[in-house]
Amino acid sequence: MQKKAAELERMAEVLVIGEQLRLRLHEGKVIKDRRHHLRTYPNCFVAKELIDWLMEHREASDRETAIRIMQKLLDQSIIHHVCDEHKDFKDMKLFYRFRKDDGTFPLDNEAKVFMRGQRIFEKLMNTENTLVQTREEEGVAFERAFVASEFVDWLLQEGEAASREEAELLGRRLLEHGIIQHVTNRNHFADGELLYQFRMNFRRRRRLMELLTDRCRTIPENQDSPFCLRKQNPDRRNTSFLSVSPSKEIKVTAVRRSSMSSICSSSVYYSSSPILSSSPPVLCNPKSVLKRQVSPEELQTPGGPYIKRTFTIVGDAVGWGFVVRGNKPCHVQAVDPSGPAAAAGMKVCQFVVSVNGLNVLSLDYRTVSNLILTGPRTVVMEVMEEVVQ
């Protein structure tokens with residue numbers, strides 16, 4: 001079941017990445033009607049020109065990588081040669097087209113669910129409504145949450161379902177495909193008063209390089225954190241990765257942050273021209289920045305030496321820019337000084353109290369990481385930090 005869910009999520013990511021690329025290419029006039037041998041081919045692009053575009057927009061570091069990216073889309077039937085004469089994507093003046101532009105996209109049941117989920121998500125985000133807002137369940141506040149029964153009402157109003165039973169079934173399918181989830185992940189979808197959130201943010205800007213990584217949503221046990229700061233290639237003599245200790249200033253030299261959504265071993269810190277490295281990633285923060293472990297009870301003791309702070313962190317195109325580690329409670333291990341978390345005021349050694357209204361004091365960093373990863377782009381975090389005497 002877990003393997004099936006991972007496969008579905010991977011397929012969803014490919015669909016979203018392909019659709020985002022298609023829209024960008026239309027906007028950039030890379031996709032247009034073209035003529036060859038007195039015949040007009042509508043809505044197509046030239047392979048060689050597209051590779052140039054990918055290089056220009058830094059979506060690929062070299063032409064070989066660009067070919068591999070587009071081959072992934074071709075293998076998944078997102079694009080195809082206009083005459084279906086080439087099964088390989090070639091760096092030549094050949095015409096290719098997105099299947100969505102000519103109506104040949106193979107809509108199996110799984111793809112239909114994701115495309116319908118994306119349409120529903122966009123409808124909700126593009127219309128003024130009070131359906132998605134901060135709500136409480138069992139005394140805990142959750143941002144961007146909606147009540148199941150109100151969601152069913154909305155689906156009926158928008159013509160997405162003909163009856164409450166059909167709308168409830170749609171909600172269950174969206175949950176089973178990882179598009180929505182119960183706010184505490186304890187319940188399936190039911191037409192009632194329980195709260196749910198969109199687990200998949202279709203508007204998050206995906207990088208095409210994600211197609212070449214075997215991403216997964218679960219966090220391997222042998223990693224300190226899903227956002228570990230890593231050196232890309234241990235053989236390269238540079239200092240473009242973070243080495244963090246509580247007493248030293250954190251410095252970054254000409255690097256970008258890897259997206260927090262890339263949480264498996266292929267996730268790396270990369271330079272302005274990212275390339276795939278065959279060398280295994282090297283963890284840079286194996287040692288905790290904490291001087292001693294603190295219990296949740298100690299943090300919440302009235303009159304104790306800890307104060308609470310709240311940060312609203314808006315992730316950018318490459319992530320949130322911080323590292324979490326530990327458990328019960330987990331803590332901030334490192335903060336990228338050029339990232340959104342640092343701009344919001346986050347610092348190392350702060351203890352994570354809540355994420356988007358959910359108390360996480362009794363959770364480990366893997367669970368907290370997944371909450372952030374599968375939540376909205378804007379993360380509201382409460383932390384406790386020690387008062388300096």
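How do E7 and strand E8 (residues 195–198) pair, and over how many bridges? I looked this up to begin.

**Entry 1: ground rules.** I am working on a predicted model, where local features need pLDDT of at least 70, side-chain atom pairs count only at pLDDT 80 or more, and totals for chains, interfaces and linings use all residues. Residues are numbered from 1 along each chain as its sequence is written, and side-chain values use heavy atoms, with hydrogens and water left out.

**Entry 2: the sheet.** I found that E7 and E8 pair in the antiparallel sense, over three bridges. Two strands pair if DSSP finds at least two bridges between them. Strands (E, at least two residues) and helices (H or I, at least four) are DSSP runs, numbered from the N terminus. His182 stands opposite Tyr196 in E8.

I then traced the whole sheet. It is open and has four strands, in the order E5-E6-E8-E7, with antiparallel pairing. Strand E5 (133–137) and strand E7 (180–182) stand at the edges with a single partner strand each, so one side of each has no neighbour in the sheet. From one strand to the next, the twist averages 55°.

**Entry 3: helices on the sheet.** I checked H6 next. H6 lies across E5, strand E6 (140–147) and E8, and runs at about 20° to E6. Axes here are lines fitted to C-alpha atoms, for helices over the stretch in contact, and angles run from 0 to 180 degrees between N-to-C directions. Contact means heavy atoms within 4.5 Å. Helix H7 (residues 164–176) packs on the sheet too, touching E7 and E8, and its direction makes about 95° with that of E7.

Which residues of helix H6 (residues 148–157) are buried? I listed Ala148, Ser149, Phe151, Val152, Trp154 and Leu155. Buried means under 20% relative accessible area (1.4 Å probe, protein chains only). Gly159 follows H6, and its phi is positive, near 75°.

**Entry 4: aromatic rings.** I noted twelve aromatic pairs in the structure. Rings of Phe, Tyr and Trp (its six-membered ring) pair if their centres lie within 6.5 Å; planes over 60 degrees apart count as edge-to-face. The Phe121 and Phe198 rings have centres 5.2 Å apart and planes at 75°, so this pair is edge-to-face. Phe121 lies in helix H5 (residues 109–126) and Phe198 in strand E8, so the pair ties together parts 77 residues apart in sequence. Both Phe121 and Phe198 are buried.

Last, I looked up the cluster. Phe121, Phe146, Phe151, Trp154, Phe189, Tyr196 and Phe198 form one aromatic cluster.

Terms used
Buried < 20%, exposed > 50% of the residue type's maximum accessible area, 1.4 Å probe, protein only. Phe/Tyr/Trp six-rings, centres within 6.5 Å; stacked < 30°, edge-to-face > 60°.
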